[in-house]
Each structure stands twice: as structure tokens, then as C-alpha cells.
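Subject: Structure handover

Hello,

Here is the structure for you to look through. My notes on what was found follow below.

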Amino acid sequence: MNNLKWIKVLLMFLVAFVLQVTVADWLKIFDHGPDLVIIFIVAVAIHHGPAAGCLWGFVAGFVQDVYAPVEWLGAHTISMTVLGFIVGQLEERFLTLNLPAKMGVLAFGFSICDMVYFFLTGMGKDVGTSLFLSETLPECIYTVVIGSLVFYLSTGKKKKHV
């Protein structure tokens, strides 16, 4: 990536993080809101591969860990880094860049990120399962809906060269 792309990605991160801590609370439905930072990490990993996905996953997770309770320090960093790597690997090797595939990758990535977080914070199987059904699943659906809008608007209409 050249310097201009790095600056663009940095600005996208700042916008996603600021929107997450300000606007996302207003978008909550039944106390479940979208995770705009995960949408950002998935978008970066899809467009720039696993190395950039890991880097920005680490940065985003570290910033979220600064605001998290001290006893779980590092859990967001590890789970977001794993998310960036896995999504970058899946996109590079298996999926095309169409909207349904991006939505599937986003849902898969969100679920993996939460499962890794539950594992790192030491939640038991029964607590993790109930949290998955009551928290992860509704937030995943909401994030995929918002993410599909972001992906659709970000791709725009590209001209085909003949």
C-alpha cells in the first residue's frame, strides 16, 4: 500500500471508531447495536489482505482494550487480530468480491471474533452459548445489515473497460 492508501485507511478507522462510540448507541434496537469497528476490519482485510487485516485488527482491538475493563486487557486485541487474519485469508483464497459473499464473511468474522473473545475472557461453555444466542446473534445480524449498506455504498458503480 502506498502512503495515500494508508492515510485513507487511517481516516476510515478514525471515522469508524468515532461513530462506534457516538452514533452506534443511537442505532441500538432492543439494546443491540452494530459493531462498526468490525465492519472496518472486515473491509480492510477484504481489500488489502491478511497482513493489513492483522495490523488494523490489532490497532482497533488495542484501542478498544484501552476502554475495556482491566481484567480483560488484551482480549479485544487478540480477537480483532485473529479476525483480520482469518478474513484476509478467506478473501484471498476462496471468495469473490460480490455483496452476498462480503455479507457472509462479515457474519462469519463477527461470530469468530466473539467466540475468540469469549474464550479469552474465560467464559464457560454454558455462559458462552447463552451469550452467543442472546448477544452475538442479534448484534451479528444488525452488523451484517449495516455492513451490507456500507459495502454497497463503498463499491459504487464501476465502469467496465472493453
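Among the contacts in the protein chain with a separation of 6 or more, 69% join residues 24 or more positions apart; contact means heavy atoms within 4.5 Å. The model is predicted, so local features need pLDDT of at least 70 and side-chain atom pairs count only at pLDDT 80 or more, while totals for chains, interfaces and linings use all residues. Residues are numbered from 1 along each chain as its sequence is written, and side-chain values use heavy atoms, with hydrogens and water left out.

The protein chain has 6 helices and 0 strands, and from the N terminus on its elements run α-α-α-α-α-α. Helices (H or I, at least four residues) and strands (E, at least two) are DSSP runs, numbered from the N terminus. Of the 162 residues, 41% are buried. Buried means under 20% relative accessible area, exposed over 50%, and partly exposed in between (1.4 Å probe, protein chains only).

The core comes next. The largest nonpolar core has 30 residues; such a core is a set of buried Ala, Val, Leu, Ile, Met, Phe, Trp, Tyr and Cys residues joined through side-chain atoms within 4.5 Å. At least two of its residues come from each of H1 (3-22), H2 (36-48), H3 (50-67), H4 (75-93), H5 (99-120) and H6 (125-155). H2 gives the largest share, 11 residues. The residues with the most contacts inside the core include Ile 38, Phe 40 and Leu 83. Leaving aside residues up to four places away in sequence, Leu 83 touches Ile 38, Ile 41, Val 42, Gly 109, Phe 110 and Cys 113.

Cys 113 is buried at a relative accessible area of 3%, and Cys 140 is buried at 7%. A search of the whole structure finds 0 disulfides, a disulfide being a pair of cysteine sulfur atoms within 2.5 Å.

Now to H1. Its 20 residues should span 28 Å at 1.5 Å a residue, and its end C-alpha atoms are 29 Å apart, which agrees; the expected span is 1.5 Å times one less than the number of residues. Val 9, Phe 13, Ala 16, Phe 17 and Gln 20 are buried in H1. These residues lie on the same side of H1, because they cover an arc of only 95° around the axis (the arc of the directions from the helix axis to the C-beta atoms). On the other side of H1, Asn 3, Leu 4 and Lys 8 are exposed. The cover over the buried residues of H1 includes H2 and H3.

Regards
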